[in-house]
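Have the structure open as you read.

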Amino acid sequence: MPEHHDEGSAIASTGAGGATDLAMSEAETLEKAPGGPDGTGPEKKARSLWSDAWHDLRRNPVFIISGLVILFLVVIAIWPQLIASGNPLDCDLSKAQEGSQPGHPFGFNGQGCDVYTRTVYGARASIEVGVLSTLGVTLLGSVLGGLAGFYGGAWDGFLSRITDIFFAIPVVLGGLVLLSVVSNNTVWPVIGFMVLLGWPQISRIARGSVITAKQNDYVQAARALGASNSRMLLRHITPNAVAPVIVVATIALGTYISLEATLSFLGVGLKPPTVSWGIDISAASPYIRNAPHMLLWPAGALAVTVLAFIMLGDAVRDALDPKLR
């Protein structure tokens, strides 16, 4: 009589003429697993660098905390009246240098202005200078460095010598010289100065990243198929060369905020009546012994802001750098 086999099993013949029963669940697993039992194969969708980075960032507490702090700073920079109802330019000399009082938790500065209100409103100038300077530096440096790395030759050599010249200029000294002749009280001269002296760093990062990316096989294949230079740059090289630029720009944003405060402290950056942490720190420094609260709060806000952006940049670097995985 023929052997009866369970319907829930698969039968595989052996070389000896016998039969080996495989559990149906195992057979189905082998059939469904893409590319074999290890689960790898053409049916498994590969994750890109950006999806991997976002997956890591969402689980990084440093990224979450710094992101929330930065989000809060951006919100109060746009709408400071949400948490500060006063006017930062309303001052009462009779209350000069006084400490904390009901309704004025940070006390008053040397002109009798509310330190809390000025600290909140000071975020606007710092965030504006930091963000716009970073955007300008990143755009200019990426374009110049990317073109130099892609085309090479005389253009690359010329740009390299120009960047060497700019690297030789001390940033603070350059600010003292260039901004001392500017009488404009807006943020634009400071942003222009930072873009002027900040683009060489991004340019070198972009140049090296593009040189590395254009040597990859997919770029050579696109060139062999007749792709134009603009198509190779925009479709194949830029998406794979932009990660190092983003990392450096994110970390540099905090540096630009600190630089703005330094220049304002030295009297060549933002100028009154603009409300700035650097201006308030400069005005409070002579009274640090008698009224330390005047210096403590704007300096603390500046430190927290710079630290948040640096921590965010470190988290992005860890997520985007394959060597750190």
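A salt bridge here is a side-chain nitrogen of Lys or Arg within 4 Å of a carboxyl oxygen of Asp or Glu. By that criterion, the structure holds 6 salt bridges. Please keep in mind that this is a predicted model.

- Arg118 and Asp280 form a salt bridge, with 2.8 Å between their closest N and O atoms.
- This pair ties together distant parts of the chain: Arg118 sits in helix α4 (residues 115–151) and Asp280 in helix α10 (residues 277–284), 162 residues apart.
- Both Arg118 and Asp280 are buried.

- Arg204 and Asp164 join their side chains in a salt bridge, at 2.2 Å from N to O.
- Here too, distant parts of the chain are linked: Arg204 belongs to helix α7 (residues 188–213) and Asp164 to helix α5 (residues 153–167), 40 residues apart.
- Why does Arg204 count as partly exposed? Its relative accessible area is 40%, and partly exposed covers the range between under 20% (buried) and over 50% (exposed).
- Asp164 is also partly exposed, because its relative accessible area of 32% falls in that range between buried and exposed.

- Asp314 and Arg317 form a salt bridge, their closest N and O atoms lying 3.8 Å apart.
- Both residues are found in helix α11 (residues 293–320), 3 residues apart, which is about one turn of the helix.
- Asp314 counts as partly exposed at 26% relative accessibility, and Arg317 is partly exposed with a relative accessible area of 35%.

**Where α10 meets α11**
- The axes of α10 and α11 come within 9 Å and cross at roughly 145°.
- The crossing of α10 past α11 is left-handed.
- On the α10 side, the contact is made by Trp277, Asp280, Ile281, Ala283 and Ala284; on the α11 side, by Met294, Leu295, Pro298, Ala299, Ala301, Leu302 and Thr305.
- How do the residues of this contact divide by type? There are 10 nonpolar, 1 polar and 1 charged.

How values were computed: Residues numbered from 1 in each chain as written. Predicted model: local features only at pLDDT ≥ 70, side-chain atom pairs only at ≥ 80, totals over all residues. Heavy atoms only, no water. Helix = DSSP H or I, 4+ residues; strand = E, 2+ residues; numbered from the N terminus. Buried < 20%, exposed > 50% of the residue type's maximum accessible area, 1.4 Å probe, protein only. Axes fitted to C-alpha atoms, helices over the stretch in contact; angles between N-to-C directions. Left-handed = near helix turned anticlockwise from the far one by under 90°. Contact = heavy atoms within 4.5 Å. Nonpolar A, V, L, I, M, F, W, Y, C, P; charged D, E, K, R; others polar.
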